[in-house]
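Trainee: I have a structure open and would like to walk through it. Can you take my questions as they come?

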Amino acid sequence: MTEQWRLLRTGFMNAFSNMAIDKAILVVNSQGMVPPTVRFYGWTPPAISIGYFQSLAEEVDIKACDRFGVDYVRRITGGGAVFHEKELTYSIVVPEIHPAIPKNIIKSYGRICGAVMNGLQQLGIESEYAPINDILTGGRKISGNAQTRKLGTVLQHGTVLMDVDVDTMFSLLKVPNEKIKDKLIADVKQRVTSIHHSLGKEVSFKEVAGAMKTGFEEEFHVELIEGKLNDEELSLAKQFEKETFLTKEWNHRR
Amino acid sequence: MQSHSIYKVPQGKLLKISLEYDEKKNVITDIRITGDFFAYPEEAIEHLETKLKNTVLERKQLLEQITSIISEYHIEFIGVNAEGLTQGILMCRP
(Lines give C-alpha, C1' and ligand atoms only; values in the text may rest on other atoms or scores of the structure.)
Protein backbone atom coordinates (compact mmCIF):
# COMPACT_ATOMS: atom_id res chain seq x y z
CA MET A 1 0.00 0.00 0.00
CA THR A 2 1.18 3.48 -0.79
CA GLU A 3 2.44 5.34 2.27
CA GLN A 4 0.16 8.20 3.26
CA TRP A 5 1.48 11.59 4.30
CA ARG A 6 -0.51 14.58 5.42
CA LEU A 7 -1.14 17.60 3.18
CA LEU A 8 -1.89 20.96 4.77
CA ARG A 9 -3.18 23.92 2.81
CA THR A 10 -3.06 26.70 5.35
CA GLY A 11 -3.78 29.54 2.92
CA PHE A 12 -2.34 33.03 3.24
CA MET A 13 -1.13 34.15 6.64
CA ASN A 14 1.29 36.64 8.11
CA ALA A 15 5.01 35.89 8.42
CA PHE A 16 4.94 35.18 12.17
CA SER A 17 2.11 32.64 11.94
CA ASN A 18 3.70 31.00 8.93
CA MET A 19 7.06 30.48 10.63
CA ALA A 20 5.41 29.43 13.90
CA ILE A 21 3.31 26.78 12.14
CA ASP A 22 6.34 25.23 10.42
CA LYS A 23 8.11 24.98 13.78
CA ALA A 24 5.00 23.57 15.49
CA ILE A 25 4.67 20.84 12.86
CA LEU A 26 8.33 19.96 13.37
CA VAL A 27 7.93 19.63 17.15
CA VAL A 28 4.72 17.59 17.02
CA ASN A 29 6.08 15.36 14.24
CA SER A 30 9.19 14.73 16.38
CA GLN A 31 6.87 13.41 19.11
CA GLY A 32 5.45 10.93 16.61
CA MET A 33 2.00 12.50 16.90
CA VAL A 34 1.49 13.36 13.22
CA PRO A 35 2.60 11.75 9.95
CA PRO A 36 5.20 13.25 7.61
CA THR A 37 3.64 16.47 6.40
CA VAL A 38 3.74 18.65 3.32
CA ARG A 39 2.31 22.14 3.66
CA PHE A 40 1.51 24.78 1.03
CA TYR A 41 1.09 28.39 2.05
CA GLY A 42 1.28 32.04 1.05
CA TRP A 43 2.05 35.34 2.77
CA THR A 44 -0.23 38.26 3.55
CA PRO A 45 0.88 40.91 4.08
CA PRO A 46 4.01 40.38 1.96
CA ALA A 47 7.08 39.79 4.11
CA ILE A 48 10.84 39.49 4.16
CA SER A 49 12.25 36.43 5.85
CA ILE A 50 15.92 36.34 6.74
CA GLY A 51 18.14 33.34 7.39
CA TYR A 52 18.92 32.32 10.96
CA PHE A 53 22.51 33.62 10.70
CA GLN A 54 21.79 36.93 9.04
CA SER A 55 21.84 40.32 10.68
CA LEU A 56 18.38 41.89 10.45
CA ALA A 57 19.70 45.45 10.50
CA GLU A 58 22.30 44.69 7.84
CA GLU A 59 19.96 42.90 5.47
CA VAL A 60 16.60 44.62 5.84
CA ASP A 61 15.58 48.26 5.43
CA ILE A 62 13.19 48.22 8.37
CA LYS A 63 11.88 51.74 7.77
CA ALA A 64 11.04 50.87 4.15
CA CYS A 65 9.25 47.70 5.32
CA ASP A 66 7.19 49.72 7.79
CA ARG A 67 6.38 52.27 5.10
CA PHE A 68 5.23 49.62 2.61
CA GLY A 69 3.45 47.45 5.20
CA VAL A 70 5.84 44.57 4.70
CA ASP A 71 6.55 42.31 7.70
CA TYR A 72 9.96 40.87 8.50
CA VAL A 73 10.84 37.73 10.40
CA ARG A 74 13.90 35.60 11.20
CA ARG A 75 13.63 31.97 10.11
CA ILE A 76 14.81 28.96 12.10
CA THR A 77 16.60 27.88 8.91
CA GLY A 78 19.81 29.31 7.48
CA GLY A 79 20.16 30.81 4.03
CA GLY A 80 19.44 34.23 2.63
CA ALA A 81 16.85 36.98 2.77
CA VAL A 82 13.69 36.35 0.76
CA PHE A 83 10.91 38.74 -0.25
CA HIS A 84 7.71 36.67 -0.07
CA GLU A 85 4.97 38.10 -2.20
CA LYS A 86 3.76 36.27 -5.30
CA GLU A 87 4.86 32.76 -4.55
CA LEU A 88 3.83 29.40 -3.28
CA THR A 89 5.79 28.38 -0.21
CA TYR A 90 6.05 24.73 0.69
CA SER A 91 7.31 23.07 3.82
CA ILE A 92 8.01 19.41 4.40
CA VAL A 93 8.49 17.81 7.81
CA VAL A 94 9.82 14.23 7.97
CA PRO A 95 11.69 12.23 10.62
CA GLU A 96 15.44 12.11 9.91
CA ILE A 97 15.33 8.32 9.98
CA HIS A 98 12.67 8.09 7.28
CA PRO A 99 14.13 6.10 4.34
CA ALA A 100 13.00 8.83 1.92
CA ILE A 101 15.45 11.31 3.46
CA PRO A 102 19.18 10.91 2.75
CA LYS A 103 21.31 11.23 5.91
CA ASN A 104 23.64 13.52 4.02
CA ILE A 105 22.23 17.03 4.27
CA ILE A 106 23.14 18.19 0.76
CA LYS A 107 21.76 14.99 -0.73
CA SER A 108 18.52 15.54 1.18
CA TYR A 109 18.24 19.06 -0.23
CA GLY A 110 18.54 17.51 -3.69
CA ARG A 111 15.89 14.91 -2.92
CA ILE A 112 13.33 17.41 -1.64
CA CYS A 113 14.13 19.85 -4.44
CA GLY A 114 13.39 16.92 -6.77
CA ALA A 115 9.76 17.08 -5.63
CA VAL A 116 9.60 20.80 -6.42
CA MET A 117 11.22 20.17 -9.83
CA ASN A 118 8.67 17.44 -10.54
CA GLY A 119 5.92 19.90 -9.60
CA LEU A 120 7.34 22.52 -11.97
CA GLN A 121 7.43 19.89 -14.70
CA GLN A 122 3.69 19.31 -14.16
CA LEU A 123 3.29 22.98 -15.14
CA GLY A 124 5.47 22.52 -18.21
CA ILE A 125 8.65 24.00 -16.72
CA GLU A 126 11.90 22.04 -17.02
CA SER A 127 14.30 22.85 -14.20
CA GLU A 128 17.58 21.77 -12.66
CA TYR A 129 18.86 21.54 -9.11
CA ALA A 130 21.69 23.97 -8.38
CA PRO A 131 23.37 22.88 -5.14
CA ILE A 132 23.19 23.82 -2.37
CA ASN A 133 19.69 25.15 -2.25
CA ASP A 134 18.45 26.60 -5.54
CA ILE A 135 16.34 25.39 -8.45
CA LEU A 136 16.96 27.01 -11.84
CA THR A 137 15.06 27.09 -15.09
CA GLY A 138 16.85 28.35 -18.19
CA GLY A 139 19.76 29.13 -15.89
CA ARG A 140 17.64 31.43 -13.71
CA LYS A 141 16.50 30.89 -10.13
CA ILE A 142 12.83 29.96 -9.73
CA SER A 143 13.01 28.40 -6.25
CA GLY A 144 15.10 28.87 -3.11
CA ASN A 145 15.10 26.34 -0.27
CA ALA A 146 16.32 26.08 3.32
CA GLN A 147 16.53 23.13 5.70
CA THR A 148 16.97 22.62 9.41
CA ARG A 149 17.24 19.45 11.43
CA LYS A 150 16.07 19.49 15.03
CA LEU A 151 14.74 16.86 17.44
CA GLY A 152 15.62 14.13 14.93
CA THR A 153 13.34 15.78 12.38
CA VAL A 154 13.95 17.42 9.03
CA LEU A 155 12.13 20.64 8.13
CA GLN A 156 12.71 22.08 4.70
CA HIS A 157 10.81 25.05 3.40
CA GLY A 158 11.17 26.86 0.12
CA THR A 159 9.67 29.22 -2.37
CA VAL A 160 8.24 28.62 -5.80
CA LEU A 161 8.22 32.02 -7.47
CA MET A 162 4.95 32.73 -9.27
CA ASP A 163 5.93 36.29 -10.11
CA VAL A 164 8.84 38.45 -9.11
CA ASP A 165 9.34 42.16 -8.51
CA VAL A 166 13.06 42.77 -8.13
CA ASP A 167 12.69 46.56 -7.82
CA THR A 168 10.33 46.30 -4.85
CA MET A 169 12.54 43.62 -3.31
CA PHE A 170 15.57 45.91 -3.45
CA SER A 171 13.63 48.81 -1.97
CA LEU A 172 13.18 46.59 1.11
CA LEU A 173 16.61 44.97 1.32
CA LYS A 174 19.87 46.69 2.11
CA VAL A 175 22.82 46.24 -0.20
CA PRO A 176 26.45 46.23 0.98
CA ASN A 177 27.42 48.98 -1.45
CA GLU A 178 24.90 51.64 -2.54
CA LYS A 179 27.15 52.69 -5.42
CA ILE A 180 26.64 49.39 -7.23
CA LYS A 181 22.97 49.02 -6.33
CA ASP A 182 21.73 49.64 -9.89
CA LYS A 183 24.12 47.07 -11.30
CA LEU A 184 23.14 44.60 -8.57
CA ILE A 185 19.45 45.02 -9.40
CA ALA A 186 20.16 44.52 -13.11
CA ASP A 187 22.18 41.37 -12.29
CA VAL A 188 19.46 39.91 -10.08
CA LYS A 189 16.84 40.60 -12.78
CA GLN A 190 18.96 38.48 -15.12
CA ARG A 191 19.36 35.70 -12.56
CA VAL A 192 15.80 35.33 -11.25
CA THR A 193 12.64 34.21 -12.99
CA SER A 194 9.12 33.05 -12.12
CA ILE A 195 6.37 30.76 -13.36
CA HIS A 196 4.69 33.78 -14.98
CA HIS A 197 7.85 34.84 -16.75
CA SER A 198 8.86 31.32 -17.70
CA LEU A 199 5.49 30.31 -19.20
CA GLY A 200 4.46 33.75 -20.43
CA LYS A 201 1.16 33.47 -18.57
CA GLU A 202 -0.09 33.72 -15.02
CA VAL A 203 -0.84 30.50 -13.16
CA SER A 204 -3.07 30.57 -10.06
CA PHE A 205 -1.85 29.62 -6.58
CA LYS A 206 -4.33 26.75 -6.62
CA GLU A 207 -2.96 25.38 -9.86
CA VAL A 208 0.63 25.64 -8.65
CA ALA A 209 -0.37 23.85 -5.43
CA GLY A 210 -2.02 21.08 -7.44
CA ALA A 211 1.15 20.62 -9.50
CA MET A 212 3.33 20.59 -6.37
CA LYS A 213 1.06 18.01 -4.72
CA THR A 214 1.66 15.69 -7.66
CA GLY A 215 5.38 16.55 -7.58
CA PHE A 216 5.76 15.53 -3.92
CA GLU A 217 3.61 12.40 -4.39
CA GLU A 218 5.63 11.21 -7.36
CA GLU A 219 9.06 12.04 -5.92
CA PHE A 220 8.39 10.33 -2.59
CA HIS A 221 6.00 7.62 -3.87
CA VAL A 222 3.39 8.63 -1.30
CA GLU A 223 -0.21 9.71 -1.29
CA LEU A 224 -0.85 13.13 0.21
CA ILE A 225 -4.06 13.14 2.24
CA GLU A 226 -5.65 16.52 2.95
CA GLY A 227 -5.59 17.19 6.67
CA LYS A 228 -5.60 19.88 9.30
CA LEU A 229 -3.26 21.08 12.00
CA ASN A 230 -4.14 19.24 15.20
CA ASP A 231 -4.91 20.97 18.51
CA GLU A 232 -1.37 20.53 19.81
CA GLU A 233 0.09 22.08 16.64
CA LEU A 234 -2.35 24.98 16.78
CA SER A 235 -1.57 25.74 20.40
CA LEU A 236 2.21 25.39 19.91
CA ALA A 237 2.04 27.62 16.83
CA LYS A 238 0.27 30.32 18.89
CA GLN A 239 2.93 29.96 21.57
CA PHE A 240 5.89 30.12 19.12
CA GLU A 241 4.36 33.10 17.36
CA LYS A 242 4.00 35.04 20.61
CA GLU A 243 7.19 33.90 22.36
CA THR A 244 9.54 33.81 19.37
CA PHE A 245 8.62 35.08 15.93
CA LEU A 246 6.86 38.26 17.02
CA THR A 247 9.59 39.24 19.46
CA LYS A 248 12.35 41.76 19.00
CA GLU A 249 14.72 39.41 20.88
CA TRP A 250 14.33 36.81 18.14
CA ASN A 251 14.14 39.00 15.06
CA HIS A 252 16.97 41.34 16.09
CA ARG A 253 19.13 38.73 17.78
CA ARG A 254 21.81 38.95 15.10
CA MET B 1 39.26 48.35 17.46
CA GLN B 2 36.11 47.52 15.50
CA SER B 3 36.12 46.14 12.01
CA HIS B 4 33.93 44.43 9.47
CA SER B 5 34.45 42.15 6.50
CA ILE B 6 32.37 40.70 3.69
CA TYR B 7 33.81 37.60 2.10
CA LYS B 8 32.33 35.44 -0.65
CA VAL B 9 33.47 31.94 0.21
CA PRO B 10 34.72 30.17 -2.97
CA GLN B 11 31.89 27.85 -4.14
CA GLY B 12 30.00 28.96 -1.06
CA LYS B 13 27.95 31.68 0.55
CA LEU B 14 28.47 35.28 1.61
CA LEU B 15 30.14 35.55 5.00
CA LYS B 16 29.93 38.78 7.00
CA ILE B 17 32.08 39.22 10.09
CA SER B 18 31.92 41.97 12.69
CA LEU B 19 35.04 41.94 14.80
CA GLU B 20 36.28 43.75 17.87
CA TYR B 21 39.90 43.18 18.68
CA ASP B 22 42.68 44.32 20.95
CA GLU B 23 45.33 45.88 18.71
CA LYS B 24 48.13 45.57 21.25
CA LYS B 25 47.56 41.94 22.10
CA ASN B 26 46.30 41.06 18.60
CA VAL B 27 43.41 39.00 20.02
CA ILE B 28 39.67 38.86 19.34
CA THR B 29 37.59 40.56 22.04
CA ASP B 30 34.19 40.08 20.37
CA ILE B 31 32.94 38.57 17.14
CA ARG B 32 29.67 38.16 15.29
CA ILE B 33 29.46 35.78 12.34
CA THR B 34 26.56 36.43 9.98
CA GLY B 35 25.63 35.55 6.42
CA ASP B 36 23.46 33.37 4.21
CA PHE B 37 25.25 30.10 4.94
CA PHE B 38 23.87 27.03 6.73
CA ALA B 39 25.11 25.38 9.93
CA TYR B 40 23.77 22.40 11.85
CA PRO B 41 22.85 22.72 14.64
CA GLU B 42 22.19 26.42 14.08
CA GLU B 43 22.57 27.41 17.74
CA ALA B 44 26.20 26.24 17.73
CA ILE B 45 27.17 29.49 15.98
CA GLU B 46 26.83 31.22 19.34
CA HIS B 47 29.25 28.76 20.96
CA LEU B 48 31.67 29.37 18.13
CA GLU B 49 31.46 33.14 18.65
CA THR B 50 31.97 32.83 22.41
CA LYS B 51 34.89 30.42 22.10
CA LEU B 52 36.68 32.60 19.54
CA LYS B 53 37.16 35.35 22.11
CA ASN B 54 40.82 35.75 23.12
CA THR B 55 41.99 33.86 20.05
CA VAL B 56 45.09 35.37 18.43
CA LEU B 57 44.47 36.97 15.05
CA GLU B 58 46.93 34.77 13.18
CA ARG B 59 45.91 32.33 10.48
CA LYS B 60 47.35 29.20 12.09
CA GLN B 61 45.89 29.78 15.58
CA LEU B 62 42.51 30.82 14.17
CA LEU B 63 42.21 27.82 11.89
CA GLU B 64 43.19 25.45 14.71
CA GLN B 65 40.76 27.01 17.16
CA ILE B 66 37.86 27.05 14.66
CA THR B 67 38.54 23.45 13.60
CA SER B 68 38.61 22.33 17.23
CA ILE B 69 35.33 24.14 18.09
CA ILE B 70 33.62 22.65 15.00
CA SER B 71 34.69 19.21 16.13
CA GLU B 72 33.77 19.80 19.80
CA TYR B 73 30.20 20.92 18.97
CA HIS B 74 29.79 18.59 15.96
CA ILE B 75 28.96 21.54 13.74
CA GLU B 76 28.25 20.86 10.08
CA PHE B 77 28.73 23.98 7.98
CA ILE B 78 27.34 24.24 4.46
CA GLY B 79 28.40 27.13 2.24
CA VAL B 80 31.31 28.04 4.52
CA ASN B 81 34.11 26.11 6.26
CA ALA B 82 36.93 26.63 8.76
CA GLU B 83 39.22 28.09 6.06
CA GLY B 84 36.49 30.50 4.91
CA LEU B 85 35.79 31.62 8.47
CA THR B 86 39.51 32.15 9.09
CA GLN B 87 39.85 34.18 5.89
CA GLY B 88 36.78 36.30 6.73
CA ILE B 89 38.14 37.06 10.20
CA LEU B 90 41.63 37.93 8.94
CA MET B 91 40.11 40.29 6.35
CA CYS B 92 38.83 42.43 9.23
CA ARG B 93 42.39 43.34 10.13
CA PRO B 94 44.10 46.03 8.06
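Trainee: What do the buried residues of H9(A) pack against?
Mentor: This is a predicted model. In it, the buried residues of H9(A) pack against helix H1 (15-30), strand E4 (71-74) and helix H10 (248-251) of chain A.

Trainee: Which residues of H9(A) are buried?
Mentor: Glu233(A), Leu236(A), Ala237(A), Phe240(A), Glu241(A) and Phe245(A) are buried in H9(A). Seen down the helix axis, the buried residues of H9(A) fall within an arc of 140°, so they line one face.

Trainee: Why would residues three or four places apart point the same way?
Mentor: An α-helix has 3.6 residues a turn, so residues with that spacing point the same way.

Trainee: And which exposed residues sit on the face turned away from the buried side of H9(A)?
Mentor: That face of H9(A) carries Asp231(A), Lys242(A) and Glu243(A).

Trainee: How far apart are the end C-alpha atoms of H9(A)?
Mentor: They are 20 Å apart. The 15 residues of H9(A), at 1.5 Å a residue, should span 21 Å, which agrees.

Trainee: Switching to strands. Why is E6(A) largely enclosed by the rest of the structure?
Mentor: Strand E6 (residues 87-95) of chain A has nine residues and seven of them are buried, so the rest of the structure largely encloses E6(A).

Trainee: How many bridges join E6(A) to E10(A)?
Mentor: Nine, and E6(A) and strand E10 (residues 153-161) of chain A run antiparallel. Pro95(A) stands opposite Thr153(A) in E10(A). E6(A) is also joined to strand E2 (residues 37-43) of chain A, by five bridges and again antiparallel. There, Thr37(A) stands opposite Val93(A).

Trainee: Now the loops. Where is Leu151(A)?
Mentor: Leu151(A) is in the loop between strand E9 (140-150) and E10 of chain A. Its phi is near 55°, a positive value in a residue other than glycine.

Trainee: Is Leu151(A) buried or exposed?
Mentor: Leu151(A) counts as exposed, because it has 12 C-beta neighbours inside 10 Å.

Trainee: What kind of peptide bond joins Pro131(A) and Ile132(A)?
Mentor: A cis peptide bond, with omega about 15°. Ile132(A) is in the loop between strand E7 (128-130) and strand E8 (134-137) of chain A.

Trainee: On to chain B. In what order do the three strands of its open sheet come?
Mentor: The order is E1-E2-E3 (chain B), with antiparallel pairing. Strand E1 (2-8) and E3 of chain B are the edge strands, each pairing on one side only. The twist averages 20° from one strand to the next.

Trainee: What packs on that sheet?
Mentor: Helix H3 (residues 82-90) of chain B does, touching E1, E2 and E3 of chain B. The direction of H3(B) makes about 55° with that of E2(B).

Trainee: How many bridges are there between E2(B) and E3(B)?
Mentor: Strand E2 (residues 14-22) of chain B pairs with E3(B) over eight bridges. One partner of interest is Thr34(B) in E3(B), bridged to Lys16(B).

Trainee: Last topic, the interface. How many residues of chain B are in contact with chain A?
Mentor: 15 residues of chain B are in contact with 16 residues of chain A. Strand E3 (27-35), strand E4 (38-40) and strand E5 (76-78) of chain B are the elements giving two or more residues to that side of chain B. By class, the side has seven nonpolar, three polar and five charged residues.

How values were computed: Residues numbered from 1 in each chain as written. Chains lettered and ligands numbered in written order. Predicted model: local features only at pLDDT ≥ 70, side-chain atom pairs only at ≥ 80, totals over all residues. Buried ≥ 20, exposed ≤ 12 C-beta atoms within 10 Å, placed from the backbone. Helix = DSSP H or I, 4+ residues; strand = E, 2+ residues; numbered from the N terminus. Pairing = 2+ DSSP bridges. Expected span 1.5 Å × (residues − 1). Arc of directions from axis to C-beta. Contact = placed C-beta atoms within 7 Å. Nonpolar A, V, L, I, M, F, W, Y, C, P; charged D, E, K, R; others polar. Axes fitted to C-alpha atoms, helices over the stretch in contact; angles between N-to-C directions.
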